[in-house]
2 protein chains.
Amino acid sequence: MTASLGRHATILDVAAAAGVSKSTVSNVIRGVVGVSADTRARVQEAIDLLGYRPNVLARQLVQQRTTTLGVVVGDLGNPFYAEMAKHIERAASARGYRAMFCNTQGDEEAEVSGLESLMEYRAAGVLFLSQPADRERARSIVSGRVPAVFVSCAADWGDVVSADDMAGAELATRHLVDLGHRRIAYFADPIVEDAADHDRQHGYRRVMEQAGLQPTVFHWHRQPGELLRQKRDEQVADILRGRVTGAFSSNDYGAIELLECADRLGVRVPDDLSVVGFDDVVMAGLARVNLTTVRQPQPELADIAVEIIDARVLGDLEGPPQRRTLDVELVKRGSTAAPRRQTTAD
Amino acid sequence: MTASLGRHATILDVAAAAGVSKSTVSNVIRGVVGVSADTRARVQEAIDLLGYRPNVLARQLVQQRTTTLGVVVGDLGNPFYAEMAKHIERAASARGYRAMFCNTQGDEEAEVSGLESLMEYRAAGVLFLSQPADRERARSIVSGRVPAVFVSCAADWGDVVSADDMAGAELATRHLVDLGHRRIAYFADPIVEDAADHDRQHGYRRVMEQAGLQPTVFHWHRQPGELLRQKRDEQVADILRGRVTGAFSSNDYGAIELLECADRLGVRVPDDLSVVGFDDVVMAGLARVNLTTVRQPQPELADIAVEIIDARVLGDLEGPPQRRTLDVELVKRGSTAAPRRQTTAD
DNA sequence: TTGAAAGCGCTAACAT
DNA sequence: ATGTTAGCGCTTTCAA
């Protein structure tokens, strides 16, 4: 063990140990050309001996730019966000950035203080994995200071990278229509960002109308605890009384809730009800869940988001917000099938 | 919008705008007493006007300590770690720290570069949510420099906060024994840290021996892709041929795999096989999964881990590594029941 | 090929 | 009650 407890060696310690000036040490660290092999070796030796690690704070202070990326995420407990967070972290470190996460839990205060803190850390940019709870506040804190990229959610004051929500919704709805379903409901989970929900709903409506079917949009009640479960069961029971045989949920989370309700109500999936989700979280692939869903290309979303913010940071990209839309894919699993009993349109 | 694009106001800008010296501004920011109300108001006005946010880098450089906590996590895609990460982030920010995550994906290189980077950022401490892949390397990078706390995993060179693995395993095993199972297997998922696995296995063995039953330990094959699934099905089929009726998995992930295998093999749970997990991830509570399991107190684990590292950082806690063990709880769900056909011991 | 020196934005003595 | 000043550890001209 060479490190002294609690104290980090500085560039001056290395310089002294190697018998050179600190500029020379700096030159060695940064790999600039024009340092003699001999000196370089001596410096490197001192570095290893002292276990020296350059102080990024000092470097970034003088360089006037950091390699810290702020990542605002609503709920890391939600598998979709957790998976996105992981890909973002990976993409960020691949490009030499470090990710600082703010899990807001939908709380405005947590969000505001998180963002302010990110600004105090002089984060090079901010990635939003979910729509900020207080949009105007978020905007006033971030906008004009550092670039912002919205992943899988939208805003007009930053670049947007998202899946093709409308095309995905069309795929999902058409799948149900093709299977022979006539009464197909759209379930909107309020956790889904407005813009995404809007586009998914739009895709759904379009296919329904093309097929000459009546769209029905349905919003989950959001209430805490047991009451919620009961309320939802009632909602779903209601819907099913309307002889709905197909359901397209705006996300996998909602789709899985739907499966749960169906189980409790004794409604068989897919015999009595076909369910399609959106996202393709890992859970959807479990045999016990086996959910037909629309796959979002998470790694690609993350890669492109970081690529864009990197370009903004470096000044390689300028001008108005970019909007990138990635293709989605329908993953057919066991939660969908042709309706058992024939239903009539309208 | 008051902020100039790309440039952050400095303490000098504020001082100039308020017509005071930068020390006075600093005093206002830090809330030190002895600033006249009038001056304070003028400074605050200038701060608001300029949208000034103190530069944490500069502050931490001069103060020689940061409020950044490094968090090393194996796989954020794994719900248990994602949930822990969320609680850690919450606990950290409640105590004025920011969390910097390193998702290592079990990769040694990613881990080493992540840890080195954390040291360069002068992280105040490092929290390990999973055992480092290269223990010695991790130790040599962190130990002696900043405090390390191991959450839900173990090491002898840092504080350890973990659930009572042995007691949990005992609860789980006793539950199966009490239900009347005689042939009960332990399934070790290699993703579980060695120490935790050891303790859980120990608890299992103890109860089995107390009950006069023969312990059987079972390791998942770890292979990629389709081969894996087939291999596992074979393994499980083998086990069941041995008339095993009860299974205790070292984590929920493994338990859910077990459920999946059982489904594929046409083995009914809990009629033909009872399954108990460990962790109580959100997924375990899904009606479709409905897994009996041992609940780890995640929020408390996170709280205490951050509390300890905070105490170490502040110097309030000194001396040899602490070891905190938290109580667990058995959550009975639908994956366990009395064995359908009576089995004989041994 | 190396070194000296200025300064990034801030805090924290110490003066006034 | 407020201002002056000396760094924190580094990068980056500019000289030597």
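This tour goes through the structure in your viewer stop by stop, saying what to select and what is found there.

Before you start, keep in mind that this is a predicted model, in which local features need pLDDT of at least 70 and side-chain atom pairs count only at pLDDT 80 or more, while totals for chains, interfaces and linings use all residues. Residues are numbered from 1 along each chain as its sequence is written, and chains are lettered from A and ligands numbered from 1 in the order in which they are written.

**First stop: the DNA strands**

Select DNA strand D and the residues near it, where "near" means that the C-beta atom of a residue, placed from the backbone, lies within 6 Å of the strand. You will have 26 residues around DNA strand D, and the closest are I11(A), A58(A), S21(B), S23(B) and V62(B). At least two residues each of the surface near DNA strand D come from α2 (22–30) and α4 (56–63) of chain A and from α2 (22–30) and α4 (56–63) of chain B. By class, this surface holds 10 nonpolar, 12 polar and 4 charged residues, where Ala, Val, Leu, Ile, Met, Phe, Trp, Tyr, Cys and Pro count as nonpolar, Asp, Glu, Lys and Arg as charged, and the others, Gly among them, as polar.

Move on to DNA strand C, which 25 residues surround, the closest being S23(A), T39(A), V62(A), I11(B) and A58(B). Here α2 and α4 of chain A, together with α2 and α4 of chain B, are the elements that give two or more residues to the surface, and the residues near DNA strand C divide into 10 nonpolar, 12 polar and 3 charged.

Is S21(B) buried, partly exposed or exposed? A residue is buried if 20 or more other C-beta atoms, placed from the backbone, lie within 10 Å of its own, exposed if 12 or fewer, and partly exposed in between; S21(B) counts as partly exposed because it has 13 C-beta neighbours inside 10 Å.

**Second stop: where the two chains meet**

Select chain A and chain B and look for residues in contact, that is, pairs whose C-beta atoms, placed from the backbone, lie within 7 Å. The contact takes 45 residues from chain A and 45 residues from chain B. On the side of chain B that touches chain A, two or more residues are given by each of α4, α5 (79–94), β2 (98–103), α6 (108–120) and α11 (252–265) of chain B, and α5(B) gives the most, with 7 residues. That side is made up of 24 nonpolar, 7 polar and 14 charged residues.

Now pick out M283(B), which lies in the loop between β9 and β10 of chain B. Leaving aside its neighbours within four places in sequence, M283(B) is in contact with M283(A), P79(B), D252(B), I256(B) and V289(B). With 23 other C-beta atoms within 10 Å, M283(B) is therefore buried.

Strand β3 (residues 125–128) of chain B pairs with β4(B) in the parallel sense over 3 bridges, pairing being counted if DSSP finds at least two bridges between two strands. Which residue of β4(B) is the bridge partner of L127(B)? The partner is V149(B). Then select β5 (residues 159–163) of chain B, which also pairs with β4(B) in the parallel sense over 3 bridges, and where V161(B) is the bridge partner of V151(B).

**Last stop: the domains of chain A**

Colour chain A by domain, using bounds from an automatic or database domain assignment: domain 1 (11–54), domain 2 (65–162 + 298–326) and domain 3 (165–296). The C-alpha centres of domain 2 and domain 3 of chain A lie 29 Å apart, and 12 residues of domain 2 are in contact with 11 residues of domain 3. On the domain 2 side, α5 (79–94) and α12 (298–314) of chain A each supply at least two residues, with α5(A) giving the largest share, 3 residues.

Conventions: Helix = DSSP H or I, 4+ residues; strand = E, 2+ residues; numbered from the N terminus. Contact = placed C-beta atoms within 7 Å.
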